[in-house]
Amino acid sequence: MEAESSFDIDAPRWDQSTFMGRLKHFFNITDCRTALLPDSRLDEAKALVESSGSIPPGTTAEQLYYAKKLYDSAFHPDTGDRMNLIGRMSFQVPGGMAITGFMLQFYRTVPAVVFWQWVNQSFNALVNYTNRNAASPITPKQIGVAYVTATSTALATAVGLNLYTKKAPPLVARWVPFVAVAAANCVNIPMMRQQEILNGIAVTDENGNKLGHSTKAAVKGIAQVVISRVTMAAPGMIVLPIIMQRLEKYKFMQRITFLHGPIQVMLVGGFLIFMVPAACSLFPQRCSMAVSKLEPELRDSIRSQYGDSIRHVYFNKGL
């Protein structure tokens, strides 16, 4: 079916005001197969999306939808720049499954805990930087401080709990990596996006017209991202240890201990295929906030210019 000239490529394919609509959207753009495509193919998709005012003859609606899928998966919504591969949400499944699987497997010794928590926090720092609200610039020094702080938090939590749980039931020790990851997320994300908290993020009206900057909007958006990231990791890192503890009682599993790591990697991948889009869907990416809840100065400025015609402001909370 050929695309109509009036086809609006910028309009969401699914209703973003509902969880199911967002879930379909994020299942679409977190498809890890898109991470395998060359930059040239992604640039072609971007060119097609940006030529929506003059769609090439013979272009079908499905071709446009696929181009938009590639565009949304690989290009930043604020800048339009192509994001680095490892930081994209489409890389969360292959990247996350490998790192999480090995964190869950090698949790018994302090050197292994230190190494895999460091790898995980390095990965998270890149993901958090890539998916920030890019309208708020961050300096290399701030990136370094955020990385060191988050990594130190994860290591201190993991090593401390690892030593504390030496005499605890085996299952409790298996849950230490999740606690460390959750604690680090609560530090890593706000630190990596500290400029947004310090200086505020751009807020607009419903039509995208800029109204000012809000620190309260930044705090709301970042808090939602923290919740989403912890939720993304929780099922795999909480349920999988229970599964592995039971499986390891069987003799066939005891004979293939060298495969326990790869098995956990694959099982984590099964969880993440569903949890990455589900966690991203918890809150709308285009977040809203009532004008009445903004800082007094910004609230008064909006009301003095627009009266009560604007009741909500909108902003990109990031992922």
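Which element gives the largest share of the lining of the second largest cavity? I looked this up in what is a predicted model, and found that the largest share, three residues, comes from H5.

**Second largest cavity.** I noted a volume of about 60 Å³ for this cavity, and I listed its lining as Met103, Phe106, Tyr107, Val113, Trp116, Gln117, Ala158, Val176 and Pro177. The elements that give two or more residues to this lining are H5 and H8. When I sorted the lining of the second largest cavity by class, I had eight nonpolar residues, one polar and no charged ones.

**Largest cavity.** I then turned to the cavities as a set, and the structure holds three of them at 30 Å³ or more. For the largest cavity I wrote down a volume of about 240 Å³ and a lining of 20 residues, of which Gln92, Thr100, Asn124, Met232 and Ala233 lie nearest its centre. Helices H4 (92-105), H5 (110-130), H8 (176-192), H10 (215-247) and H12 (260-280) each supply at least two residues of this lining, and the largest share, six residues, comes from H4. By class, I recorded 11 nonpolar, eight polar and one charged in the lining of the largest cavity.

**Largest pocket.** I next looked up the largest pocket, whose volume is about 1300 Å³. Its lining is made up of 44 residues, and those that lie nearest its centre are Lys68, Asp72, Pro77, Gln285 and Arg286. I found that helix H1 (19-29), H2, H3 and the strands S1 (201-204), S3 (286-290) and S4 (312-316) each supply at least two residues of the lining of this pocket, while H3 gives the most, with six residues. The classes in the lining of the largest pocket come to 18 nonpolar, 15 polar and 11 charged.

**Helix H3.** As H3 gives the most to the pocket lining, I went through this helix separately. H3 has 14 residues and reaches 20 Å from its first C-alpha to its last, close to the 20 Å expected at 1.5 Å a residue. I listed its buried residues as Ala61, Leu64, Ala67, Lys68, Lys69, Leu70, Tyr71, Ser73 and Ala74, and I noted that what covers them includes H1 and H2.

**Helix H2.** I checked H2 (residues 39-50) in the same manner: at 1.5 Å a residue its 12 residues should span 16 Å, and its end C-alpha atoms are 16 Å apart, which agrees. Where on H2 do the buried residues sit, on the same side or on opposite sides? The buried residues of H2 are Leu42, Ala45, Leu48 and Val49. They cover an arc of only 120 degrees around the axis, so they lie on the same side of H2. What covers these buried residues includes helix H3 (61-74).

**Gln194.** My last entry concerns Gln194, whose place is in helix H9 (residues 194-199). Is Gln194 buried or exposed? I have it as buried, because its relative accessible area is 17%, and the cut-off for buried is under 20%. Leaving aside its neighbours within four places in sequence, I found Gln194 in contact with Gln142 and Ala146.

Methods
Residues numbered from 1 in each chain as written. Predicted model: local features only at pLDDT ≥ 70, side-chain atom pairs only at ≥ 80, totals over all residues. Heavy atoms only, no water. Helix = DSSP H or I, 4+ residues; strand = E, 2+ residues; numbered from the N terminus. Expected span 1.5 Å × (residues − 1). Buried < 20%, exposed > 50% of the residue type's maximum accessible area, 1.4 Å probe, protein only. Arc of directions from axis to C-beta. Contact = heavy atoms within 4.5 Å. 1 Å grid on protein atoms, 1.4 Å probe; cavity = no way out; pocket = protein on both sides within 12 Å on 5 of 7 lines; lining within 4 Å. Points joined across faces, edges and corners; volume = space filled by probe spheres on them. Nonpolar A, V, L, I, M, F, W, Y, C, P; charged D, E, K, R; others polar.
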